[in-house]
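User: I'd like to go through this model with you, a few questions at a time. Ready when you are.

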Amino acid sequence: MICEYKGKRPQIDPTAFIAEDTVITGDVTIGKKSSVWFKTVIRGDVAPVRVGDEVNIQDLSLLHQSPDQPLVIEDGVTVGHQVTLHSAHIKKNALIGMGSLILDGAEIGEQAFIGAGSLVPPGKVIPPNTLAFGRPAKVVRELEEKDIQELNRIRRSYVEKGQYYKNLD
């Protein structure tokens, strides 16, 4: 379901794949070749949600915000299954592992990897090119080349999957 909220209707690039059982409301923008997977909810009814190009938001995720605190997801980000993103800034090519919670004012650096089940508390900054894990999330190490290759592989596979599903329409 894609619907307007108080005069604001989601703006979704025609190349994006949006699963039929997704709910997207209000002030939401989704970029080129992005994909929003089954049973995900994106509510832009408090502040804007900006999703870049080639982003994948996997099944059962929830995206929302607090007043005057937009949620920004830059290009190439992977958001794993059952992730909650709330008024955060996720920078280019980062990966948020399954079941993680990223809270108000948190910033995930470019090409950072948040391990599955992590909690990034309000205002926490995770540096670029690092692996952070835990509740609360702490940086455990710098990413290695094999980690970066895996982030890229996952991102590319979701762009391909999304375009496959898009072309079934």
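This is a predicted model: local features need pLDDT of at least 70, side-chain atom pairs count only at pLDDT 80 or more; totals for chains, interfaces and linings use all residues.

User: Which residue of β20 is the bridge partner of Thr130?

Analyst: Thr130 belongs to strand β19 (residues 130–134), which pairs with β20 in the antiparallel sense. Its bridge partner in β20 is Glu142.

User: And on the β16 side, which β19 residue is the bridge partner of Phe113?

Analyst: Strand β16 (residues 113–114) and β19 pair in the parallel sense, over 2 bridges. For Phe113, the partner in β19 is Leu131.

User: Why is β19 described as largely enclosed by the rest of the structure?

Analyst: Buried means under 20% relative accessible area, exposed over 50%, and partly exposed in between (1.4 Å probe, protein chains only). β19 is largely enclosed because its buried residues number 4 of the 5.

User: Which residues have the most contacts inside the largest nonpolar core?

Analyst: A nonpolar core is a set of buried Ala, Val, Leu, Ile, Met, Phe, Trp, Tyr and Cys residues joined through side-chain atoms within 4.5 Å. The largest one has 31 residues, and β4 (23–30), β6 (41–51) and β9 (71–73) each give two or more to it. The residues with the most contacts inside it are Ile73, Ile90, Ile102 and Ile108.

User: Is Gln58 buried or exposed?

Analyst: Gln58 is found in the loop between β7 (56–57) and β8 (62–64). Leaving aside neighbours within four places in sequence, its contacts (heavy atoms within 4.5 Å) include Trp37, His81 and Tyr158. With a relative accessible area of 5%, Gln58 is buried.

User: Which side chain makes a polar contact with the side chain of Gln58?

Analyst: A polar contact is a pair of N or O atoms within 3.5 Å; within protein, one must be able to donate a hydrogen and the other to accept it, and residues adjacent in sequence count only if both atoms are side-chain atoms. At 2.9 Å, the partner of Gln58 is the side chain of Asn56.

Conventions. Residues are numbered from 1 along each chain as its sequence is written. Side-chain values use heavy atoms; hydrogens and water are left out. Two strands pair if DSSP finds at least two bridges between them.
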